[in-house]
Amino acid sequence: MAGLNKLQLQVFGRKTKYDFNTGLVLCHKYNGNANDASAGGNNGTPINSPSYVTGKVGNAIDLNGLNQYVTVPHNANLNFTNGAIDLPFSFITGVYFDSTSGVQMMLSKRNSGTTVYEWNFIANFTNSNVRL
């Protein structure tokens, strides 16, 4: 994850329209912490002491790209699948990369206690792809 830097994040739950006033289940504004500004209750815990910095719009978190990240405990409102059926969701983030090499994971949902990802959003600079 080398090079991931200055992350701002908002995740919207299962909605069929882009309505930014309802359906918000996670919003980290990084105002000196990783608390959730939505009603979703998805406070994050910063791992390995990342820094909080001024972003392009509001604040951001500065991750070293090696071992710093924010973890959010499981909450049913972050499940975007219903069995084998994927449910629609939207997210908004601003990311600045100090380095454009390798694979950079920006957002993911992992099954608890495993390395199996339910979904993830990555930038793969090895073959110039951004994929979800």
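Start by selecting Gln68: at 10% relative accessibility, this residue counts as buried (buried means under 20% relative accessible area, exposed over 50%, partly exposed in between, with a 1.4 Å probe and protein chains only). You're looking at a predicted model, where local features need pLDDT of at least 70, side-chain atom pairs count only at pLDDT 80 or more, and totals for chains, interfaces and linings use all residues. Residues are numbered from 1 along each chain as its sequence is written, and side-chain values use heavy atoms, with hydrogens and water left out.

**Around Gln68**

Gln68 sits in the loop between strand 5 and strand 6 (69–71). Strands here are DSSP runs (E, at least two residues), numbered from the N terminus.

**The hairpin**

Next, select residues 51–54 and 59–62. These are strand 4 and strand 5, which pair in the antiparallel sense over 4 bridges (strands pair if DSSP finds at least two bridges between them). Click Val53 and you'll find its bridge partner, Ala60, in strand 5. The two strands form a hairpin with 4 residues between them, and Gly58 in the turn has a positive phi of about 75 degrees.

**The core**

Which residues make up the largest nonpolar core? Select Val25, Leu26, Leu78, Phe80, Phe97, Met106, Leu107, Trp119, Phe121 and Ala123. Such a core is a set of buried Ala, Val, Leu, Ile, Met, Phe, Trp, Tyr and Cys residues joined through side-chain atoms within 4.5 Å. Strand 11 gives the largest share, 3 residues. Zoom in on Leu78: leaving aside neighbours within four places in sequence, Leu78 is in contact (heavy atoms within 4.5 Å) with Val25, Leu26, Asn42, Val72, Lys109 and Trp119.

**Confidence**

Finally, colour by pLDDT, the predictor's confidence in each residue, from 0 to 100. The chain's mean is 77, with 79% of residues reaching 70 or more. Where pLDDT is low, the predicted coordinates should not be read in detail.
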